[in-house]
Structure formats: C-alpha cells, structure tokens
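Have the viewer open and follow along.

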Amino acid sequence: LVQNHVVTPMAVLRWALGENDVPAEATTPPSVDASWYQHALQAVRTAASMELSDNGVDDGGMIIDRSGEDENDGMDSDESPATHRANKVIAAVAPLLKYAAVRVCNILASTDEHDRTKVKPMEADLIDGLKMLLTVVPSQLRSILANDRKLVEGTADSKITKEIESCLGKSSIGDLSIDCRQECTSLTRFVEVVLKCMEG
C-alpha cells in the first residue's frame with residue numbers, strides 16, 4: 001500500500017505499533033504484533049526509495065510530481081550530489097525511526113510493574129524489534145544509496161561510501177536516546193534497557 005501511495009510510511013508505523021488500537025485514555029497497553037518491526041522496516045525502506053525516485057509522496061499521502069524540479073534545488077554550494085541525496089534520505093527516514101523509538105519506550109513505560117524483573121512476550125517483541133530496526137536500517141540506507149543510479153554514474157565507489165558514512169555519522173538516527181529521554185512518559189527499568197542499547 002505504501003509503494004502504491006495509498007498510505008504513508010508513518011501510517012504503517014502507527015498501525016504496526018498499535019497507536020489506534022486502544023483509546024488514548026485506556027489503561028491497557030495496545031496490541032502489538034510480534035513482527036511489527038518487519039512492517040516498520042518495509043515502511044522505512046520504501047520511504048527512502050521514494051525519496052530518491054522522481055516522484056515522492058508527502059506526509060499527507062499526496063503524490064508529488066518532481067519531474068520539473070532541478071536535482072540541485074536546495075543543495076548547498078559546498079555539498080556534493082552524494083551528500084545531498086544521502087541527507088535527503090536520512091531526513092525522510094529519521095522521523096520514522098524517532099517515532100518508533102519513542103513509541104516503543106512509551107508502551108514499555110505503560111506496562112511497568114515496579115517489582116517485576118522479567119519481560120512479558122509483548123515487551124520482548126518491542127525491545128528486540130526496535131534493536132533489529134535500528135541495526136538494520138543504517139545498512140539498508142547504505143545499500144539503497146550505494147546503488148542509486150544518480151550517484152553511481154561518474155563517481156568512484158569509495159568516495160560515495162565515504163560520504164554516505166559521513167552523513168550517517170552526523171545524523172540523529174545513530175542515537176535516538178536523547179529524543180526518547182525527552183519524550184518518554186516514564187524512564188522505567190525496561191525503558192532504560194532500550195536506551196542503553198541505543199547509546200551503545
């Protein structure tokens with residue numbers, strides 16, 4: 001559905017993490033599928049691919065025709081094409097990863113029982129899924145960008161790789177713990193487990 005522009009990548013993440021599953025005032029945690037991160041990973045991958053395509057989709061689900069735009073529009077004078085396109089992709093997926101990380105932390109906070117030390121199955125799915133998502137996405141972005149036809153043509157592979165790594169290193173997606181600490185409703189035992197994983 002995302003690839004056909006029926007729904008946005010963010011809508012997929014919200015569905016996968018059960019945001020619309022229970023009312024906001026409910027005290028019970030939402031129902032989250034064990035394979036939620038697979039849906040999230042596909043949504044992030046599609047968002048990155050759409051950002052590099054000639055036509056994209058905005059957050060409201062509207063198709064944007066980019067056929068008349070200059071590829072260099074919005075690019076700093078000192079910014080190479082590889083850096084420009086890498087930053088575009090990172091900017092597209094960063095909000096998705098931030099949402100997933102904050103949402104997982106808030107669900108874990110809502111399930112907290114102060115004297116409990118063992119995780120429940122859904123909590124384990126959330127923790128393991130987020131670890132997987134944050135590990136796999138950077139590798140997926142490297143692959144997508146390294147195979148981008150507009151970068152490969154006439155540019156040395158080593159230079160592209162170096163610039164991609166530089167952009168990823170400077171971005172927020174490598175460590176979302178600061179966002180989570182600021183936006184999480186409560187820093188419980190299991191939330192801290194997730195934050196430590198983000199911090200490396």
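**How the helices are described**

Helix axes here are lines fitted to C-alpha atoms over the stretch in contact, and angles run from 0 to 180 degrees between N-to-C directions. Helices are DSSP runs of H or I with at least four residues, numbered from the N terminus.

This is a predicted model, in which local features need pLDDT of at least 70 and side-chain atom pairs count only at pLDDT 80 or more, while totals for chains, interfaces and linings use all residues. Residues are numbered from 1 along each chain as its sequence is written, and side-chain values use heavy atoms, leaving out hydrogens and water.

**Helices 3 and 8**

Helix 3 packs against helix 8 (residues 189-199) at about 155 degrees, with 8 Å between their axes. That angle makes the two helices roughly antiparallel (over 145 degrees). Ala 101, Cys 105, Leu 108 and Ala 109 of helix 3 meet Phe 190, Val 191, Val 194, Leu 195 and Met 198 of helix 8; contact means heavy atoms within 4.5 Å.

**The buried face of helix 1**

Helix 1 spans residues 9-16, and its buried residues are Pro 9, Met 10, Val 12, Leu 13 and Ala 16 (buried means under 20% relative accessible area, with a 1.4 Å probe and protein chains only). They fall within an arc of 155 degrees seen down the axis, so they line one face of the helix; the arc is that of the directions from the helix axis to the C-beta atoms. Their cover includes helix 2 (36-52) and helix 3 (81-110).

Val 12 counts as buried because its relative accessibility is 14%. Its C-alpha lies 9.2 Å from that of Gln 42, 30 residues away in sequence.

Key:
Buried < 20%, exposed > 50% of the residue type's maximum accessible area, 1.4 Å probe, protein only. Parallel < 35°, antiparallel > 145°, perpendicular 65-115°, else oblique.
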